[in-house]
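Here are my notes on the model you sent over, point by point. Have the viewer open while you read.

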Amino acid sequence: GGWKPSALVDRKFHPDFLADVKRAVEIHKIIGNECATATSGLAVDSLSYTQQTTNCIEVLKRAGEIVEKTKMVIVLEPLNVRVDHAGYFVVTSNHGAEIVANVNHPNVKLLFDMYHQQISEGNLINHIRQHYDQIGYMQVGDVPGRKEPGTGEINYQNVFKAIHALGYKGILGMEHGWTKPGIDGMVDGFAQYRKADSWT
């Protein structure tokens with residue numbers, strides 16, 4: 001759905017969203033990506049919370065049917081409304097996991113972005129454990145600042161240890177900037193990842 005205002009929550013946007021999914025399948029055939037991110041869009045005041053949730057479920061079921069013969073998984077991303085995305089509809093991992101569970105399709109999963117979820121709800125490890133069966137992809141970023149692990153309040157050693165214990169084999173997306181610019185920042189950032197991955 002890109003960043004269209006109401007890609008999933010309002011049925012009038014569903015044809016455009018499903019056209020995006022079909023285009024994503026064509027791109028997937030070329031690059032072989034494992035995931036494609038879907039965003040709910042902004043909440044719509046004229047629709048109830050329940051109706052908007054139902055609309056998300058309905059269109060993601062149709063999207064799942066479109067991609068089910070591929071190796072691509074559509075991942076629904078909850079986003080924080082406190083810092084970055086005011087008015088966005090799907091904010092918590094509980095809500096996202098509820099939608100994914102009701103879609104009930106192996107090609108539709110939850111994107112757990114640790115940056116967004118730390119801001120929205122905290123308690124990252126317990127939420128990851130609670131929704132692990134629905135999670136198809138995870139993204140990394142520290143809080144505040146959305147930089148590499150080790151630059152904020154998230155204990156990434158404990159988080160990485162926990163997801164390893166769960167048996168996670170998927171991608172960890174580096175959804176953040178670097179504290180320092182350029183190559184030096186990337187080198188220092190990779191060192192922070194090695195440190196975070198050095199749990200015992």
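1. Starting with E4 and E5: strand E5 (residues 172-174) pairs with E4 in the parallel sense, over 3 bridges. Strands here count as paired if DSSP finds at least two bridges between them, and helices (H or I, at least four residues) and strands (E, at least two) are DSSP runs numbered from the N terminus. From E4 the chain goes through helix H6 (residues 156-165) to reach E5, a right-handed β-α-β crossover. Right-handed is meant in this sense: with the strands pointing away from the viewer, the path from the first strand over the helix to the second runs clockwise.

2. Before going on, some housekeeping. This is a predicted model, so local features need pLDDT of at least 70 and side-chain atom pairs count only at pLDDT 80 or more, while totals for chains, interfaces and linings use all residues. Residues are numbered from 1 along each chain as its sequence is written, and side-chain values use heavy atoms, with hydrogens and water left out.

3. On its other pairing, E4 meets strand E3 (residues 108-113), again in the parallel sense, over 4 bridges. Leucine 110 stands opposite isoleucine 135 of E4 there. Is E4 (residues 135-140) mostly covered or mostly open? Mostly covered: 5 of its 6 residues are buried, where buried means under 20% relative accessible area, exposed over 50% and partly exposed in between (1.4 Å probe, protein chains only).

4. Now the whole sheet. The 5 strands form an open sheet in the order E1-E2-E3-E4-E5, with parallel pairing. E1 and E5 are the edge strands, each pairing on one side only. Neighbouring strands are turned by 35° against each other on average, direction ignored. At the E1 end, E1 and E2 pair in the parallel sense over 4 bridges, and alanine 38 stands opposite leucine 76 in E2. H2 packs on this sheet and touches E1, E2 and E3, with its direction at about 155° to that of E2. Axes are lines fitted to C-alpha atoms, for helices over the stretch in contact, and angles run from 0 to 180 degrees between N-to-C directions; contact means heavy atoms within 4.5 Å.

5. How far apart should the ends of helix H2 (residues 49-67) be? At 1.5 Å a residue, its 19 residues should span 27 Å, and the end C-alpha atoms are 27 Å apart, which agrees. The expected span is 1.5 Å times one less than the number of residues. Its buried residues include Gln52, Cys56, Ile57, Leu60, Ala63 and Val67. An α-helix has 3.6 residues a turn, so residues three or four places apart point the same way. The cover over the buried residues of H2 includes helix H1 (14-31), strand E1 (35-38), strand E2 (73-76), helix H3 (93-103) and E3.

6. On to the rings: the structure holds 4 aromatic pairs. Rings of Phe, Tyr and Trp (its six-membered ring) pair if their centres lie within 6.5 Å; planes under 30 degrees apart count as stacked, over 60 as edge-to-face and the rest as tilted. Tyrosine 49 and phenylalanine 89 have ring centres 5.4 Å apart and planes at 55°, so this pair is tilted. The two residues are 40 apart in the chain, tyrosine 49 in helix H2 and phenylalanine 89 in the loop between E2 and H3. Tyrosine 49 is partly exposed at 49% relative accessible area, whereas phenylalanine 89 is buried at 7%.

7. Another pair, phenylalanine 160 with tyrosine 193, is stacked, at 6.5 Å centre to centre and 25° between the planes. Phenylalanine 160 lies in helix H6 and tyrosine 193 in helix H7 (residues 182-196), so the pair ties together parts 33 residues apart in sequence. Both of these residues are buried. Ring pairs link Tyr156, Phe160 and Tyr193 into a cluster.

8. Most residues other than glycine have a negative phi, and most peptide bonds are trans. Valine 143 and proline 144 are joined by a cis peptide bond, with omega about -5°; proline 144 sits in the loop between E4 and H6. Asparagine 104 has a positive phi of about 55°, lies in the loop between H3 and E3 and is exposed at 64% relative accessible area. Asparagine 123 has a positive phi of about 50° and is partly exposed at 47%, in the loop between helix H4 (114-120) and helix H5 (124-130).
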